[in-house]
Amino acid sequence: MTTRLTVAQALVRFLTAQHAERDGERRRLIGATWGIFGHGNVAGIGQALVEYAGVMPYHQGRNEQSMVHAAVGYARQCGRLSAHAVTTSIGPGATNLVTGAALATVNHLPVLLLPGDVFATRPADPVLQQLEVPYAGDVSVNDTLRPVSRYFDRITRPEQLIPSALAAMRVLTDPVETGAVTLALPQDVQAEAYDWPEEFFAERVWTVRRPGPDPAELARAAAAVRAARRPLLVAGGGVRHSRAEAALAAFAEATGIPVAATQAGKGALRYDHPRDVGGIGHTGTATADELARTADLVIGVGTRFTDFTTASGTLFQHPDVRFLHLNIAPHDAHKLAALPLVADARTGLEELSEALAPYKADGAYTDEYTAAKERWERRVDACFASPDPDARPTQPQVLGALDALVDASDIVINAAGSLPGDLHKLWRARSRDQYHLEYGYSCMGYEIPAALGVKLAAPEREVWALVGDGTYLMMPTEIVTAVQEGVAIKVLLVQNHGYASIGGLSAAVGGERFGTAYRFRTEEGTYTGAPLPVDLAANAASLGMRVLRAGSVRELRAALAEARAADTPTCVYVETETSDTVSGAPEAQAWWDVPVAASATRTPAVTAREQYERHVSTRRRHL
């Protein structure tokens, strides 16, 4: 039997019948579709969404990139068992997807992109917003999505949709390959009718696999752990993607091995778990980074070992250090010349625990890192403390006020600026998914739309978007969506009048903070004087959000409590103290490689180069 539908109608109907399942938990794979309509999708996907409005929820976005961020936030909160689709018009609507697609793919989070495309039949050539490529007639702006997609296809005939749609679902549910999936849809093909086999619309369940380790690899891994005297486990985002938090806790408790966390892995153990030693790397704690410097075995679980984690190759300094990587992706399992243990994180940890029994780390080592962790917690307490409640807060004191308010059900979202560093070092994660940092791509503008996606996935929980002034100015428009749809996200907007993170980096590398402040510019090109008269709180209010202004620590505490209790989208606006004489977060505990000018006349750059060369000399190639 066949059913006559347009390509767009067939695709939407197909998507409503797809499900993902892992460990007996089944979710609809595409939970909703985000869209901004224009020529290229309004008469195709747009009409199909009207046709199937009863079974395919629709969310209206304001910016194509932010729609992808919202979809990514949703997918991460759903443990990658459910995702969203995003549809756009041709031209700039499609190219605006590229940044979001890269973010999804870098972070291994599923999102289905459905950009409109130019006519496949070319009745008019070129059409509005078409990019003409003289040497190739089959290239459009959608080809910019190829390198940032895990799967890409252009549907130029109706029958092509069947194998392509199935391939798209396979990739979205593959724990190794998942990321952005793009089906480019020429506008004429979207509206074309075709007789579809009924089997295409049958209910399908895509099982998310949990592959176990190879026995030989497992034996070598266990032998490496038994031989270690100072082992350290580094938990990455793969622990959370696998829902391996309980397995990690059991492994750490059984072995006594301390657990440090990347930005993506923070929260895999609660902050008060005896084996948790905090964030690792450039933005890590002194406890974790000192353990990393002296570790003779580094056990990576679900981490890509990026430069922030390895301190650009300078962190792991033990002369005989070895690496053991438990990762579902062979590409990552072999990094740093490691012993690979290719497996799902939960399955791998469970089998490694069994293979190690009754191994236990040395008691003196346990006492050492326990005492170091206690010292670090006292530093956190000092950063969070507010001696004068009527004074303007520092950024760590802002985090301290929020830390004192939330419980394990709250979710905190951030991505870029100076906040990720402070959060990685200071935040006390109380549940496996409270700490939501997008640091694989560290995309400014992610926080507010991602909070929307997370709140849609977990409507019963309080969701906080922590936003600096720089990232707010990048993409505040989804506030309107939150107001329109009544999604009660909370935005904590921190105003420090510039790019605090990159400003500090600029000063450190001899750039003298050039172009990093929101202040009046002099004829010499420097930035001095009073901050610009920009009122971001008024801007948020003009977009429909309720705004609470806080001028002191005392007012901040009251505003945060009021916002948390609110059932409408609410923003807490606070201007932070940025004076050099005011205590801030602890400085970086490990280096990060940002090349410094090798030739300069200005003293700050010359001094920075001398420091750079000292750090570079400590870099190691782990072979």
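Phe14, Tyr194, Trp196, Phe200 and Phe201 form one aromatic cluster in this predicted model. Aromatic pairs are rings of Phe, Tyr and Trp (its six-membered ring) whose centres lie within 6.5 Å, and they are classed as stacked with planes under 30 degrees apart, as edge-to-face over 60 degrees and as tilted otherwise. The model is a prediction in which local features need pLDDT of at least 70 and side-chain atom pairs count only at pLDDT 80 or more, while totals for chains, interfaces and linings use all residues. Residues are numbered from 1 along each chain as its sequence is written, and side-chain values use heavy atoms, with hydrogens and water left out.

By the ring criterion, 12 aromatic pairs are counted. In one of them, the ring centres of phenylalanine 308 and tryptophan 592 are 4.5 Å apart and the planes stand at 65 degrees, so the pair is edge-to-face. Phenylalanine 308 belongs to helix H12 (residues 307–310), whereas tryptophan 592 lies in the loop between strand S25 (570–575) and helix H24 (603–616), so the contact ties together parts 284 residues apart in sequence. Helices (H or I, at least four residues) and strands (E, at least two) are DSSP runs numbered from the N terminus. Residues are termed buried under 20% relative accessible area, exposed over 50% and partly exposed in between (1.4 Å probe, protein chains only). Phenylalanine 308, at 13%, is therefore buried, and tryptophan 592, at 26%, is partly exposed.

Charged groups also meet aromatic rings. A charge sits over a ring if NZ of Lys or CZ of Arg is within 6 Å of the ring centre and within 35 degrees of the ring normal. The charged end of arginine 13 is placed over the ring of phenylalanine 201, 4.2 Å from its centre; that of lysine 266 sits over tyrosine 435 at 5.4 Å from the ring centre.

Across the whole structure, 33 salt bridges are found, each defined by a side-chain nitrogen of Lys or Arg within 4 Å of a carboxyl oxygen of Asp or Glu. Arginine 157 and glutamate 159 form one, with their closest N and O atoms 2.9 Å apart. Another joins arginine 554 to aspartate 390 at 3.0 Å, N to O. This pair links distant parts of the chain, 164 residues apart: arginine 554 is in helix H23 (residues 553–565) and aspartate 390 in the loop between helix H15 (363–384) and helix H16 (395–405).
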